[in-house]
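User: I would like to go through some assignments and see what each one rests on. Please set the values against the definitions.

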Amino acid sequence: VIRINKEFQTNLKMKDIFDAPSIKKISLKIVRKSPPGGIGPGDPHLSAESGDSGLQYKEIEVIPEEDYYPLSPGQKRIWILHSMETNSPVYNIPFCFLLKGKLDTSALKKAYTCIINRHESLRTVFPYREGNPYQKIINDHGYSITTINICNKTDKKKYMRLLAEKECKKRFDLEKGPLTRMTVIKCKKHEYLIVINMHHIISD
């Protein structure tokens, strides 16, 4: 929706997308909400400040690369609450899913590493220095997947549940990280429980 509004200087809402669920219908809405005479991509009269929508668009500026960055107000609030809840996993965001079929664990580890490398927030830690918490992006992180094999256990469901609960409740260290974890529990030859957990401070 933002790209459409920016491209055509319209003021479409998310509701408009659901009300006009086809290219033809949404095109008609764009025309009706565009400046008189109609505009289109590449129109020489179109600029970031033009149009009758009253909207203005600015590119998000890339800030200079630093060793440490200040926390946002939301991050600071979570950091304080996390510090007060010394033994609570309340800010953990875990989810689990059962995978049936052949799993290439080496490919999964490679994909996990690629995702971590791509998104700086997933390799951010929050050291405390000079009386304040800061953000620090870890480039040489070495984060990996934990693999556990319980194929030889008799009560696999019980053991699997205990391992998953333990991981979901495991507290994160905001200063040292990592603040996201993946655990692969092999239950049978072609059955795996994938447990992913991350801290709320890096999830938004």
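User: Which residue of β8 does Phe97 stand opposite?

Analyst: Phe97 faces Ile194 in β8. The model is predicted, so local features need pLDDT of at least 70 and side-chain atom pairs 80 or more, while totals for chains, interfaces and linings use all residues. Numbering starts from 1 along each chain as its sequence is written, and side-chain values use heavy atoms, without hydrogens and water.

User: What makes β1 and β8 a pair?

Analyst: β1 and β8 (residues 191-199) share 9 bridges in the antiparallel sense. Pairing requires at least two DSSP bridges, so these strands qualify.

User: Why are β1 and β6 called edge strands?

Analyst: The open sheet of 4 strands runs β1-β8-β7-β6, with mixed pairing. β1 (92-100) and β6 (146-149) each have a single partner strand, so one side of each lacks a neighbour in the sheet.

User: What does helix α5 touch in the sheet?

Analyst: Helix α5 (residues 105-118) packs on the sheet, in contact (heavy atoms within 4.5 Å) with β6 and β7 (180-188).

User: Why is Cys96 called partly exposed?

Analyst: Cys96 has 38% relative accessibility. Buried means under 20% and exposed over 50% (1.4 Å probe, protein chains only), with partly exposed in between, so Cys96 is partly exposed. Cys114, at 47%, is partly exposed too.

Notes
Helices (H or I, at least four residues) and strands (E, at least two) are DSSP runs, numbered from the N terminus. Axes are lines fitted to C-alpha atoms, for helices over the stretch in contact, and angles run from 0 to 180 degrees between N-to-C directions.
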